[in-house]
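Subject: Handover of a structure

Dear colleague,

Please find the sequence and structure below. My notes on what was found follow directly after.

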Amino acid sequence: MQVTKFTHSCLRLEHHGGVLVVDPGVFSEPEALDGADAVLVTHEHPDHVDVAALTRALERRPVPVHGPASLAGVLGDAAEALVVVAPGESFTAAGVPVRTYGGQHAVIHPDIPVIQNIGYLFDEVVYHPGDALFVPDDVQVDTLFAPIHAPWSKFSEVLDFIRAVAPRRAYALHDGLLNANGFGVLDRQYTAMSNTDYRRLEPGTRIDA
């Protein structure tokens, strides 16, 4: 399985000829959706789903869009492609085995309602948690994409999340709001303290998983 990291929270997985795209949001490159056989969305926020870009892609090539039930409220015409998933489920998307985790977005502020969020484990190897720090307790994650920066997070919580998951390697996710200064600070901290092989990938970088 090959994984390409696009800007912010978007991943493209290619497996035995199938193409699966996760969280193609407004900060991510629209070409991430080219040739997709399935799309998975962790939650409804626009940095995780660019509804206009997704709608155009579905008009060109209809494919299933897996995500939480609350996603239907923002998808508009694209909602007819939605396949609702919930935590604790297993299914196959674009030929890739997927398991679901979590259920709720991390708390941004007590005054902001908490929405649904689904984390996805791909082929028992790659874990994308979306906007939450849910630790799977029934699998040893090999490759973790960790959300390193967000309005809802702080460094100590994300660091403890990476340590708790204890993957063989961790890559930065949810980094689209950072500039070079922020990358420099967080790269040093996570590399030194995460107890794993931590790296940040430039958009468009492909790895084997």
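A search of the whole structure, which is a predicted model, finds one cavity of 30 Å³ or more. A cavity here is a set of points, on a 1 Å grid over the protein atoms alone, where a 1.4 Å probe fits but cannot get out. The largest cavity holds about 40 Å³ of space, a volume being the space filled by probe spheres set on the points, which are joined across faces, edges and corners. Its lining, meaning residues with an atom within 4 Å of a point, consists of P24, G25, S28, E29, P30, A32, L33, D50 and A53. By class, this lining has five nonpolar, two polar and two charged residues; Ala, Leu and Pro are among the nonpolar types, Asp and Glu among the charged ones, and Gly counts as polar.

As to conventions, residues are numbered from 1 along each chain as its sequence is written, and side-chain values use heavy atoms, with hydrogens and water left out. Local features need pLDDT of at least 70 and side-chain atom pairs count only at pLDDT 80 or more, while totals for chains, interfaces and linings use all residues.

The unreviewed UniProt entry annotates residues 7-174 as "domain: Metallo-beta-lactamase"; such annotations may be inferred rather than shown by experiment. The span is 15% helix and 31% strand, and its end C-alpha atoms lie 8 Å apart. Helices (H or I, at least four residues) and strands (E, at least two) are DSSP runs, numbered from the N terminus.

Strands β7 (residues 90-93) and β8 (residues 96-104) pair in the antiparallel sense over four bridges, where pairing requires at least two DSSP bridges. In this pairing, T92 stands opposite P97. Two residues separate the strands of this hairpin, and A94 in the turn has a positive phi of about 55°. On β9 (residues 116-122), β8 pairs in the antiparallel sense over seven bridges, with R99 opposite L121.

Six aromatic pairs were counted, that is, Phe, Tyr or Trp rings (for Trp, the six-membered ring) with centres within 6.5 Å; planes under 30 degrees apart are stacked, over 60 edge-to-face and the rest tilted. F155 and Y190 form a tilted pair, 4.8 Å centre to centre with 50° between the planes. This pair links helix α3 (residues 155-165) to helix α4 (residues 180-193), its members being 35 residues apart.

Yours sincerely

How values were computed: 1 Å grid on protein atoms, 1.4 Å probe; cavity = no way out; pocket = protein on both sides within 12 Å on 5 of 7 lines; lining within 4 Å.
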